[in-house]
Amino acid sequence: MTQADPQTATPAAAKLTLPTLTTMVVGSMVGAGVFSLPRRFAQETGVAGALIAWAVAGTGMLMLAFVFQRLAVRRPDLDAGVYAYAKAGFGEYLGFFSAFGYWASACVGNVTYWVLIMSTIGAIAPALGDGDTVLAVVLSSVGLWLFFALISRGVKEAAAINRIVTVAKVVPIIVFVILALFYLKPAVFADNFGGADYAGSLFNQVRGTMLATVFVFLGVEGASVYSRHAKRREDVGRATLLGFVSVFAIFASVTIVSYGLMPMEEIAELRQPSMAGVLEHAVGTWGQVFVSVGLIVSVLGAYLAWTLMAAEVLYVAAKDDDMPRFLKRATAADVPVPALVMSTVLSQIVLVVTLFSDDAFNFALDLTSSLTLIPFLLAAAFAVKSGRGGPRGQLLIALVATLYTAFLIYAAGLKFVLVSFIIYAPATVLFVMARREQGRRLFSARELVILAVSVAGAVLGIVALALGWISL
């Protein structure tokens with residue numbers, strides 16, 4: 001995203017209004033994830049588990065949305081949302097980790113877009129496989145650096161491009177839901193209600209879908225990240241809630257109606273984007289083509305959005321002296337090129353790593369979600385901390401949001417917690433660089449404890465991968 005629009009780069013433009021901020025949130029949330037939902041849910045749960053999962057995720061994310069709304073109004077001095085709240089509540093080092101984790105999540109999330117694009121084209125070009133072949137990674141890498149060149153120069157006509165991309169995202173999804181309802185088979189839906197034999201207990205079914213719901217809701221905090229550019233501070237919170245409410249029903253609908261078209265075992269075996277495969281089963285080839293074209297336009301727009309979102313987080317953190325000084329350099333068009341380079345490099349590294357994963361798309365999706373959990377947990381905990389002595393209702397909302405994000409860390413499982421540590425721990429080099437530039441003590445006693453935990457987690461993660469205890 002950019003400072004002026006979520007889909008394109010006109011950072012130096014006028015202050016953001018409520019409609020633009022709301023479009024930013026909707027544009028951020030409606031991305032690659034929604035097109036992949038039928039298969040991901042069918043791999044984990046039946047209809048009953050899906051309904052419970054969406055109820056849990058919807059409630060939890062709504063509480064997080066309320067948290068971001070209230071913090072935007074009560075703490076207008078804090079810019080860049082997620083990162084700033086962690087720093088204000090728990091110190092510079094955890095604030096740094098929050099900024100880094102949120103940035104890394106955006107970069108890894110961008111990998112899912114390229115995997116999904118290549119998987120989509122792979123339906124007619126088998127050499128691309130499911131987006132995880134060497135050729136697919138090479139072509140994705142070319143696209144990655146072409147977008148870097150485009151963004152580093154700045155992109156004009158932001159509002160017009162944003163409208164086109166948003167329509168390209170939403171129209172295929174709405175058409176899918178309407179057609180699925182028309183072709184829905186009650187008997188198939190009923191057979192899928194309890195879940196297949198491989199799904200396990202109802203609790204495990206719900207738990208297995210949690211990271212997928214986190215992924216599709218990423219972007220609910222998007223308006224707060226650009227709070228420093230809002231025309232009116234209260235619009236940040238309003239845009240957050242409007243954006244959330246606008247897309248929640250769409251996400252749940254895509255999942256639930258799919259269970260009425262095909263047995264969940266068959267949905268679980270579809271190639272991504274599975275929404276295209278489900279619609280093809282219902283209406284024929286044109287349904288797959290329709291969804292696939294809309295997906296490619298949508299995903300390219302989302303990639304542009306999240307690349308600049310990532311760069312913005314690093315840029316703001318550097319301006320606050322929490323990242324090295326070189327990251328706060330920007331062009332005349334206010335494009336933070338050094339931060340953009342780091343974002344593209346990390347996405348490139350993860351693209352290569354997908355070659356060694358069992359399921360490239362699910363791996364990148366789950367890792368994206370896992371990396372956001374610490375930033376979200378710290379933001380929610382900060383709302384609890386700052387809400388003491390205030391209205392009980394607001395404190396209760398913050399507590400529920402905190403418990404929800406803590407549950408998500410449990411649901412992520414040990415594998416992704418350890419892989420997240422492998423990414424988090426080396427980031428401390430950037431923190432050390434920033435402290436040295438300021439001539440400050442590198443770590444306080446409390447920060448040394450946090451450093452020890454992160455390094456221990458990273459070492460354990462590397463050992464677990466090396467010995468085969470966990471796999472990508």
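Is Glu-447 buried or exposed, by relative accessible area? Glu-447 is buried, at a relative accessible area of 8%; buried means under 20%, exposed over 50%, and partly exposed in between, with a 1.4 Å probe and protein chains only.

The model is predicted, so local features need pLDDT of at least 70 and side-chain atom pairs pLDDT 80 or more, while totals for chains, interfaces and linings use all residues. Residues are numbered from 1 along each chain as its sequence is written, and side-chain values use heavy atoms, without hydrogens and water.

**View 1. Helix 17 crosses helix 19.** Helices are DSSP runs (H or I, at least four residues), numbered from the N terminus. Axes are lines fitted to C-alpha atoms over the stretch in contact, and angles run from 0 to 180 degrees between N-to-C directions. That makes helix 17 oblique to helix 19. Angles under 35 degrees count as roughly parallel, over 145 as roughly antiparallel, 65 to 115 as roughly perpendicular, and the rest as oblique.

**View 2. Residues at the contact of helix 17 with helix 19.** Helix 17 contributes Leu-418, Phe-421 and Ile-422. Helix 19 contributes residues including Val-453, Gly-457, Leu-460, Ile-462 and Leu-465. Contact means heavy atoms within 4.5 Å. The residues divide into nine nonpolar, three polar and no charged. Ala, Val, Leu, Ile, Met, Phe, Trp, Tyr, Cys and Pro count as nonpolar, Asp, Glu, Lys and Arg as charged, and the others, Gly among them, as polar.

**View 3. Arg-435 pairs with Glu-92 and with Glu-447.** Each pair is a salt bridge, that is, a side-chain nitrogen of Lys or Arg within 4 Å of a carboxyl oxygen of Asp or Glu. The closest N and O atoms of Arg-435 and Glu-92 are 2.9 Å apart. Arg-435 lies in helix 18 (residues 428-437) and Glu-92 in helix 5 (residues 92-122), so the pair ties together parts 343 residues apart in sequence. Arg-435 is buried at 5% relative accessibility; Glu-92 is partly exposed at 24%. Glu-447 and Arg-435 meet at 3.1 Å, N to O. Shared partners join Glu-92, Arg-435, Arg-440 and Glu-447 into one network.

**View 4. Arg-271 pairs with Asp-130.** The closest N and O atoms of this salt bridge are 3.6 Å apart. Arg-271 sits in the loop between helix 12 and helix 13, and Asp-130 in the loop between helix 5 and helix 6, 141 residues apart. Arg-271 is partly exposed at 29%, and Asp-130 is partly exposed at 37%. The structure holds 10 salt bridges.

Notes:
Helices (H or I, at least four residues) and strands (E, at least two) are DSSP runs, numbered from the N terminus.
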